Amino acid sequence: LPSNCTVTVATGTSEYSGTNNYIYVTLVGERGESERTVLDNPGLDFRRGAVDDYTVKSSADLGPLILVRLEKQKYWVEDNWFCRYVKVSVPGQRCSYTFPCYRWLVGDKVVVELREGTAKKISDDTLPLEISHRKAELQERQKIYRWLAWAPSIPKCIDAKSEADLPQDARFDNEKRSDFVGSLHYALLELSLKKLAIKFGKSWNDLDDFKRIFWKLRSPIAEYTMNHWKEDWFFGYQFLNGSNPRMITKCKELPSNFPVTGDMVQSSLIPTTTLKEELKEGNIFLVDYAIMDGIPANVIRDRIQHIASPLCLLYEHPEKGLIPIAIQLGQKPDKDTPIFLPSDPPLAWLLAKMWVRHSEFQVFQLLSHLLRTHLVVEVICVSTLRQLPAVHPIYKLLTPHLRYTLEINCRGRTQLLSMDGIFKKVVSTGGDGLLILAQREYKVLTYRSLQPKFDFLDRGVTKLKDYFYRDHSMMLWNVIQNFVSGIVSLYYKSDSEVEQDSELQAWIHDVAVEGLASELKTKEELITLLSVAIFTSTAQHAATNNGQIPMGQYVEQYFTEPAALRVIDKFRKELKELEEQIIAQNEGLELQYLYLCPSRMENSITI
């Protein structure tokens, strides 16, 4: 019998999401297709944020709906359109169908076919149309999203010379782009004004003169750092809860190239103990920048820069907290590479700590931040786009945590890391040095070290006091792992289902080629890898570069089935409870650690 279906179409809410082009829809069911219908109500259709209803006729019963086919054609001028979703109500059927889209339709006579929102593995599809659709989608994506070896011996990336080469679906939306570009221009303008002020102002005679370049000290942490950065306890604290909290390790015995004696450091210890005893008790820690040794220094304005490869010994003092007790600025001890001590003249000791911080900056930006979050997640992102169709449950799970990562990484490669980028202009390891440093780290980067439980265990820091980064990371890992486990268990009932999912195995093959994991044969292995992906793109990145989009607050709704939505709601509830716990822990602290509050954390790597 002929029937009229009600079709609801939602246009994107960001700037320029609407269109004045012609939009056509065709409903595709198990038993046939509806009429190809132009969607045209009185007045303006497809305005930004609009949710409009239309009537679509079919000459016969379509049966259960499988696809919605959207077509866009030019009207006077080409005008892109962002579609959030399509919903269809069919007469005589109790439920409505939801077809998630969250894609741009770009170009004239462009066609997009959307699967109904229920997440399905390839084994769940039985109809030839379903199987051919998911294969065609992946073939198209593999043409668009291609691998590129940007440089040897580091993770592969997306094949794009700049962000302009990315497809529209991988680009920032207009508000994000305006905010990003505006902030960058403002920062560069302020920097230029500071250069003028410094050029025409008095010369710098004191370390406190550096305050002249900090005009916008609005952050409590920045102000606190300005006031306390010279203090030993704060120097130690930053290894625990600063921007690079993953370097410190327990020192069981002193390295042979760091000949610190008990007499040297006795004055830093409590009087009733010795260095030997404190090593045995597990109260001595080490930060070793051996990876910096021999890195070629950048040349800036015809002047060779300087790079240290320090070793820093720290002591967990029962009253003072974690304090530095010895620093060596090179890996080979000799008369030109002495061991600096807190008992040295104050300026000598301060300069030694500054050189440690200088090395810390290089490692933090290039390795902890760029390599271990941005580039690792880009591998997951490209693999997901190439191997998992939009209807796949793992695609639906991961895609909110991969949003904008390709564009920000492309911008990083062109604006920060290129031979004429910012690092080359201002950073000691800019130019050849940054690549060599990244190659060294990638050679020793392990999948195990991306899992916080093993990272803290292997570094011997499970009992270090006031290590808020560790405590909050573990709490977040547990919440993320519970969430991932809940979603995975909805769609994979056994280990064999994981092993037999050909799309999932193609996905892990792409990931494995880059050394992030070797194989997926069990549900547990799948849950761990997905947890690593989400943890790295959220918590780990936030710890090094706190973001903007609150975690778990998904802009898009890719999952439509009630069971999956219940798991997401539980995830949000647990994140809220975790937030309350973190806030309570910080009450009364003069220096609060809030980087890993879910409300302050981004869903994905976007900056």
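**View 1. The second largest pocket has a volume of about 1,400 Å³.** The structure is a predicted model: local features need pLDDT of at least 70, side-chain atom pairs count only at pLDDT 80 or more, and totals for chains, interfaces and linings use all residues. Residues are numbered from 1 along each chain as its sequence is written, and side-chain values use heavy atoms, with hydrogens and water left out. The pocket is lined by 50 residues. Cys101, Tyr102, Arg103, Asp169 and Tyr395 lie nearest its centre. Elements that give two or more residues to this lining include strand S8 (96–105), helix H1 (128–144) and helix H7 (346–387). (A pocket is an open set of points on a 1 Å grid over the protein atoms alone, where a 1.4 Å probe fits, with protein on both sides within 12 Å along at least five of seven lines; lining residues have an atom within 4 Å of a point. The volume is the space filled by probe spheres set on the points. Helices, H or I with at least four residues, and strands, E with at least two, are DSSP runs numbered from the N terminus.)

**View 2. Trp76 belongs to a nonpolar surface patch.** (Patch residues have over 30% relative accessible area and no salt bridge; nonpolar side chains are joined within 5 Å. Areas come from the Shrake-Rupley method with a 1.4 Å probe.) Trp76 is in the loop between strand S6 (65–73) and strand S7 (81–89). Trp76 is exposed, at 74% relative accessibility. (Buried means under 20% relative accessible area, exposed over 50%, partly exposed in between.)

**View 3. Lys121 forms a salt bridge with Glu497.** The closest N and O atoms are 3.8 Å apart. (A salt bridge is a side-chain nitrogen of Lys or Arg within 4 Å of a carboxyl oxygen of Asp or Glu.) Lys121 lies in the loop between S9 and H1, and Glu497 in helix H14 (residues 495–500), so the pair ties together parts 376 residues apart in sequence. Lys121 is buried, at 5% relative accessibility. Glu497 is partly exposed, at 26%.

**View 4. Arg246 and Glu441 meet in a salt bridge.** The N to O distance is 3.7 Å. Arg246 lies in the loop between helix H4 (232–241) and strand S12 (249–250), while Glu441 is in helix H11 (residues 432–444), so parts 195 residues apart in sequence are tied together. Arg246 and Glu441 are both buried.

Terms used. Patch = residues over 30% accessible without salt bridge, like charges linked within 9 Å, V, L, I, M, F, W, Y side chains within 5 Å. Buried < 20%, exposed > 50% of the residue type's maximum accessible area, 1.4 Å probe, protein only.
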